[in-house]
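I am opening a notebook on this structure. My entries keep to what I looked up, in the order I looked.

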Amino acid sequence: MKISEAEVAVVRLPLKFRFETSFGVQTERVVPLLILRGEGLEGYSEGVMTNLPRYREETLAGALYLLERVFLPRVLGRDWENPQQLAAALAGYRGNPMAKAMIEMAFWDLWARFLEQPLWRLLGGVRREVAVGVSLGVQENVAATLKAVESHLAEGYRRIKLKIKPGWDVDLIRAVREAFPEARLTVDANSSYTLADARRLAALDEFNLDYIEQPLVYDDILDHAKLQEQLRTPICLDESITSARSARQALEVGAAGVINVKVARVGGHDEARRVHDAAQSFGRPVWMGGMLETGVGRAHNIHAATLPGYTLPGDTSSGSRYWERDVINEPLEAEDGLMPVPEGPGIGVSLDWEYISKIRSGGFTLGS
Ligand code: OSB
Ligand code: MG
């Protein structure tokens with residue numbers, strides 16, 4: 001399968017809600033969409049790196065530079081036997097999994113369309129719909145949080161994840177747990193605590209949370225294992241897991257009882273599958289996280305979440321929660337907390353070029 005052309009379209013999409021986490025506030029996304037062309041077909045992906053390095057280290061400017069000058073020139077005009085061979089061509093460049101994932105994921109889509117297979121089947125998926133919850137940002141106050149939890153439970157979402165940070169944690173979760181004694185609840189700290197906060201985090205044990213997501217530093221493994229010794233609630237790692245190796249090490253030392261897999265954070269579908277397999281070998285569940293994706297990344301994530309180890313509800317909630325208008329033509333809507341896996345070859349969605357041309361702020365084409 002030869003890649004003859006690559007186009008990056010940078011688009012700006014306003015979010016329908018203000019998304020506040022311990023690391024900042026997001027009101028829009030600036031998204032690099034990648035279109036790989038070959039054999040008369042197109043494959044799509046999106047980049048999840050941000051303008052500023054507040055989640056992991058990667059930035060949009062750095063990714064665009066690497067894609068245009070280094071990564072895409074290496075893969076263009078060449079015949080690739082499979083996605084693994086293509087990924088290997090970029091493996092010599094260190095780090096930058098999100099930038100590499102853009103190419104790997106778009107190629108998986110292109111390749112699956114070439115083989116006329118839905119992506120989930122090529123990845124080894126076992127289900128046609130995936131269970132989903134929602135990730136709710138820090139709200140204005142407790143009352144607003146209770147309202148948001150209630151409305152999303154009423155929509156059928158299968159678990160509610162609440163963002164916490166020091167000082168916005170125990171009292172909040174107590175109030176939510178009292179109001180919703182049966183709800184499946186989790187919290188996500190996005191690296192805002194230290195080991196010195198272990199007792200404060202242990203105070204969350206009484207609220208029957210599925211897990212506490214990424215309490216400590218974004219690239220830490222070992223301190224999470226030390227923290228886990230002081231908590232009954234399982235720790236779920238997000239930011240710290242950037243590869244199957246970090247996943248295996250976290251599982252081995254007891255730093256994670258659960259893993260939030262984000263395909264783009266770990267460098268693409270193959271590495272995400274290896275993270276999933278590592279968790280399986282330790283008998284640990286995984287779930288599919290999100291990065292406020294447009295329909296392109298969301299569709300990829302939904303396909304990847306059909307693997308057997310995704311036994312906990314993920315963050316891939318309905319596209320209409322995020323966007324007034326999405327960059328794809330097909331709806332990606334959950335019903336009763338179940339997101340159907342898109343039909344059709346590849347990721348099963350098509351680009352809304354009319355909208356993309358309206359919100360496009362930059363980009364480039366190579367190989368034409
Ligand atoms: O920590 O999981 C996270 C969004 C952006 C960056 C990091 C995170 C998130 C979310 C939202 O929690 C997940 C989603 O709705 O896509
Ligand atoms: Mg997280």
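Where is the place of Gln214? I find Gln214 in the loop between strand S8 (212-213) and helix H8 (222-228). Helices (H or I, at least four residues) and strands (E, at least two) are DSSP runs, numbered from the N terminus.

Before going on, I note that this is a predicted model, in which local features need pLDDT of at least 70 and side-chain atom pairs count only at pLDDT 80 or more, while totals for chains, interfaces and linings use all residues. Residues are numbered from 1 along each chain as its sequence is written, chains are lettered from A and ligands numbered from 1 in the order in which they are written, and side-chain values use heavy atoms, with hydrogens and water left out.

Entry: Gln214.
The Gln214 side chain reaches the backbone oxygen of Leu216 at 3.2 Å. Beyond neighbours within four places in sequence, I list contacts of Gln214 (heavy atoms within 4.5 Å) that include Asp188, His224 and Asp238.

Entry: the magnesium ion (ligand 2).
Which residues are its protein donors? I read Asp188 (OD), Glu213 (OE) and Asp238 (OD), lying 2.1 to 2.3 Å from the ion. Donors are N, O and S atoms within 2.8 Å of the metal (3.2 Å for Na, K and Ca); water is not among the atoms, so sites may look incomplete. The spacing of the donor residues in sequence is D-x24-E-x24-D. Asp188 lies in strand S7 (residues 185-188) and Asp238 in the loop between strand S9 (235-237) and helix H9 (244-253), so this pair ties together parts 50 residues apart in sequence. I also checked burial: Asp188 has a relative accessible area of 0%, and Asp238 has 1%.

Entry: the largest pocket.
I noted a volume of about 680 Å³. Of its 29 lining residues, Pro97, Lys100, Thr242, Ser243 and Val266 are the closest to the centre. A pocket, on a 1 Å grid over the protein atoms alone, is an open set of points where a 1.4 Å probe fits, with protein on both sides within 12 Å along at least five of seven lines; lining residues have an atom within 4 Å of a point. Grid points are joined across faces, edges and corners, and a volume is the space filled by probe spheres set on the points. Helix H3 (97-114) gives the most to this lining, four residues.

Note on methods. Buried < 20%, exposed > 50% of the residue type's maximum accessible area, 1.4 Å probe, protein only. Polar contact = N/O pair within 3.5 Å; in protein donor to acceptor, adjacent residues only side chain to side chain.
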